[in-house]
Amino acid sequence: MTSDGPGLWGVTAPPAPDCPPLTGAVRADVAVIGAGYTGLSAALHLARAGADVIVLEAATPGAGGAGRNVGLVNAGLWLMPNDVIARAGPVFGPRLLECLGRAPAEVWQIVTEEAIACEATPRGTLHCAPDAAGVAALRARAAQWQSLGGAVSLLDAPETAARTGSPAFQAALFDPRAGTIQPLAYALGLARAALARGARICGNSPVTDLQETAQGWTVTTPQGQVQARQVILATDTFTSAPRPECAREQVILPYFNFATDPLPPELRAEILPGGEGAWDTRKLLTSFRLDAAGRFIIGSVGQLGALDGAVHRAWAARQMARLFPGLPGVALQTGWWGQIGMTSDALPRMHQPAPGLWSISGYNGRGIAPGTVFGRLLAELCLGRISVDQMPLPVTPSSPAMLRSLRGLTLRGGAAALHLVSGYGAR
Ligand SMILES: Cc1cc2nc3c(=O)[nH]c(=O)nc-3n(C[C@H](O)[C@H](O)[C@H](O)COP(=O)(O)OP(=O)(O)OC[C@H]3O[C@@H](n4cnc5c(N)ncnc54)[C@H](O)[C@@H]3O)c2cc1C
């Protein structure tokens, strides 16, 4: 079975909290639009500080990227640390790296403080190199993080084989700051924690209009309206009306996952026995991890559409068998996919389209920990605890991505073509 939705995570997450739609006219200090990690973390921190916050969500909490992702709680971005500094500049670059380097720790801390049941596994990640180019890239990444005080380490081939359970890799970068999570359960846990602190969360309340007023903002949904002094726009790639700018500056990279049934104990003991999450250095990457029940989850670039879905499923089965010779014959059960938003320089974006209206988006496939941290920072900004010049991102105008739809289609088609023909050697 495959779905454009949360897939396995929808099956194994605890029930969603009750979030009835907004009806009638209400007031709030801050209205948050979108209940993913950014919006829910902002709501939790605002509610913890005693602010009157309301979250308006088009569907249900975690319906966007938060409920569909791989669940790798990463430190930093896809970019090499030195590239972050080169692109973000000498002020924001080091600040952003420092902030995102400790972002997983903030996730683990919230999970503990709020007692969120989300399979949180802070046992690190393994970035695996299948070839010499990958080893060189990992060596550079390790050196750059180490020079910044990041406690990452490069594992050789035998150690990588022991830690992954796969003979396919020549090296791996172990990042002990990182780990895995049940991504939808984490989002729902954030929602439950925010509700418990007094936040209101309205599901099935797509914001259809956003108007600046003398007192702040009027936020309109099909059945209600909020008057709020400030608004956080946290809709990222899944943005629908009324301000599509955040989505338009991102090129969509579709990404899918397939999960097996729980593996028997003897296989489970061999694959990622330390509990890390993993992915490789190839451009058309492969990610793999286990969930708490021992299901093997494999993912890559692509969309599970009517035509390409079968191609990706067949590739995932082949790839699983290539990486883990002990796994042939284990069936892939659930499949799901979602859209990752890529910005032109692979850095997230912070906008302030008008006074009292903030947005951060464009995590380039790294939104669990960054969304959590940036949600808190947006809350602190709204509370006046920090000023905008203390943020780790500059406020920039939004600019639409060039040839966005065409590039998205090319990525989707290219991934399907490569998966159709690929042995493991395909880049
Ligand atoms: C397949 C996949 C794999 C990924 N893997 C990883 C990973 O392993 N690790 C990682 O860190 N990141 C990963 N990501 C990225 C991560 O999921 C996102 O960066 C993250 O979810 C962004 O959080 P967010 O809160 O900003 O947005 P989202 O989680 O997308 O939430 C936005 C919310 O806004 C709502 N919304 C949209 N329009 C409106 C409107 N008009 N009114 C009200 N609500 C609205 C949507 O319904 C949605 O619930 C992956 C993403 C995908 C799709």
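Begin by selecting leucine 403, which is exposed because its relative accessible area of 59% is over the 50% cut-off. The model in view is a predicted one. Leucine 403 is located in the loop between helix 11 (368-382) and helix 12 (404-421).

Next, colour the chain by domain. Domain 1 comprises 2-70 + 184-250 + 345-396, and domain 2 comprises 122-180 + 251-343 + 408-421. Taken over C-alpha atoms, the centres of domain 1 and domain 2 are separated by 29 Å. Across the boundary, 24 residues of domain 1 are in contact with 24 residues of domain 2.

The next stops concern charged pairs. Side chains of opposite charge can pair when their charged atoms come close. The structure holds 16 salt bridges.

Select arginine 229 and aspartate 29. The two form a salt bridge in which the closest N and O atoms are 4.0 Å apart. This pair links distant parts of the chain, with arginine 229 in strand 12 (residues 224-233) and aspartate 29 in strand 2 (residues 24-33), 200 residues apart. Aspartate 29 is partly exposed, with a relative accessible area of 26%.

Move on to aspartate 131 and arginine 282, whose side chains meet in a salt bridge (3.6 Å, N to O). Here too distant parts of the chain are linked: aspartate 131 is in the loop between strand 5 (125-129) and helix 5 (132-147), while arginine 282 is in the loop between strand 14 (277-280) and strand 15 (286-290), 151 residues apart.

Now select arginine 412 and aspartate 308. Their salt bridge has its closest N and O atoms 2.7 Å apart. Arginine 412 is in helix 12 and aspartate 308 in helix 10, 104 residues apart, and the pair links distant parts of the chain. Arginine 412 is partly exposed, at a relative accessible area of 25%, whereas aspartate 308 counts as buried at 7% relative accessibility.

Technical notes: Residues numbered from 1 in each chain as written. Predicted model: local features only at pLDDT ≥ 70, side-chain atom pairs only at ≥ 80, totals over all residues. Heavy atoms only, no water. Helix = DSSP H or I, 4+ residues; strand = E, 2+ residues; numbered from the N terminus. Buried < 20%, exposed > 50% of the residue type's maximum accessible area, 1.4 Å probe, protein only. Domains from an automatic or database assignment. Contact = heavy atoms within 4.5 Å.
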